[in-house]
Amino acid sequence: MILAPAEMRAEAGAPIVIIGGGACGLVAALAVREAGLDALVVERDRTPSGSTALSSGLVPAAGTTAQARQGIADDPAAFAADIVAKAGPGADPVGASRAAAAIGPALDWLERRHAIPFHVLDGFLYPGHRTHRMHAVPERTGAALMARLLAAADAAGVTILTEARAAALFAEHGRIHGLRIARPDGTMEDIEAGALILACNGFGGAPDLVRAHIPEAVDALWFGHPGNQGDALRWGQALGAATADLGAWQGHGNVAHPHGALITWALLMEGGIQVSAQGERFHNEHDGYSEAALRVLRQPGGTVWTVFDDRLHTLGLGFEDYRQAHDAGAIRTAPDLPALAANLGLTQDTLTATLAEAADLAARQGIDRFGRRFTAQALCPPYRAVRVTGALFHTQGGLVVDDTARVLGAGDAQFSNLFAGGGAARGVSGAGSDGYLSGNGLLTAIGYGRVAGYAAARGVMALEPAEE
């Protein structure tokens, strides 16, 4: 809802108000504080978490201090080229270059100024990345990344207003004057803002918007944060903001069913396979986990089996999500192929033929009919398997922003003090689910968050009268 400024009855305010306390919002707040201004984060939940806490917490970046420590040669131009190549015909080269240029300095700054350590996962390559550039905190989880960002925000003096849902904006002639928040008890409060940063993610949790913009994902498991209600998109459209790529989304084709635990795609990159209820492979597992979501959902019953072995089970145990799936009993074990087929309810002859073909391809590093090259060693007993389904993780389309993360208007509309990042802003994944490059979500959350924080602070300080 957009209200006229004359209706605002603010008893409090801040130079910069940020809606959303996930990675984007907290990074933006840290940038605002570094610029010397107060930052107020408005968060709907009792404890900030957002989509970040649900993610694997891996952030792709190029040319970082962490890469240099590990002897990895990379640069933003190469990263941007990989983003564009994955996004395909719907790519936004300008946005890709902007994001790739912003994220490396952001991670280095978080490490240097806010004591958040990063290391690069170098055991395997994620789909679409030419080199190792997935950065993680030591715990290798999104929840741990959020905990470290919250600690940094607390140390920097960021004010976080929790259990405060942004219900409306006060705006006129392209300028945001403040917002109205709703408390759990139904009371309302108005807050004045010098500038506003939308860090409240996308619209994956809003069935009406998913149905309108991503109809193919309507039946997908929603695996994101419930706060993804499309508030930023609805406000932006009501204000006349430009939007783009609203049909873009990140899916995942390896979520344990019915346990709802994420199974790391590393199992498939390092030799695992996916088979249908008929015991047959049906796609190139190395294309990426996002496009795999629809491929999995289109199989009978919308579920398939991810098949691997003890070697890959050991690899999986290095990831918290996989350990949770294992502890929940999602991972099945079989000493040989007949036992595996019986355990999974598959035809033994078909499953045997499928694994035999995969073993032959691995032995000669061959390319199969789907275009996958088998470079890892063949699966061997004892076998492991997990039933998985396809899920919608978050949307990738949103409000169009410029190089300062300022929201751009459609047509003649202009915005002087409205910024957006993360899922609220247009991402860099092109038009659908196939263009998502691993880590694109946290890429724009952290990269654009820092850019938006600095730009909003500069704008507010430029309007303040000079001290006499």
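Student: Where is Arg133 found in this model?

Tutor: In this predicted model, Arg133 sits in the loop between β5 (119-120) and β6 (134-136).

Student: Why does Arg133 count as buried?

Tutor: Its relative accessibility is 0%. Buried means under 20%, so Arg133 counts as buried.

Student: What makes the pairing of Arg133 with Asp74 a polar contact?

Tutor: The side chains of Arg133 and Asp74 make that contact at 2.8 Å. The cut-off is 3.5 Å between N or O atoms, one able to donate a hydrogen and the other to accept it. A second polar contact of 2.8 Å joins the side chains of Arg133 and Asp82.

Student: Which other residues does Arg133 touch?

Tutor: Leaving out residues up to four places away in sequence, Arg133 touches several residues, including Val59, Pro60, Gln67, Phe79 and Val120.

Student: Why is Val307 called buried?

Tutor: Val307 lies in strand β15 (residues 303-309). Its relative accessibility is 0%. The limit for buried is under 20%, so Val307 counts as buried.

Student: How far apart are Val307 and Gly272 in sequence and in space?

Tutor: They are 35 residues apart in sequence and 5.7 Å apart in space, C-alpha to C-alpha. Val307 also touches Gly272, and among its other contacts are Ile273, Leu340 and Arg384.

Student: What makes helix α10 mostly covered?

Tutor: Seven of the nine residues of α10 (residues 289-297) are buried. Among them are Tyr289, Glu291 and Val296.

Student: What covers those buried residues of α10?

Tutor: The cover includes α4 (76-87), β13 (249-256), β14 (273-275), β15 and β17 (383-395). Strand β15 is the one in which Val307 lies.

Key:
Residues numbered from 1 in each chain as written. Predicted model: local features only at pLDDT ≥ 70, side-chain atom pairs only at ≥ 80, totals over all residues. Heavy atoms only, no water. Helix = DSSP H or I, 4+ residues; strand = E, 2+ residues; numbered from the N terminus. Buried < 20%, exposed > 50% of the residue type's maximum accessible area, 1.4 Å probe, protein only. Contact = heavy atoms within 4.5 Å.
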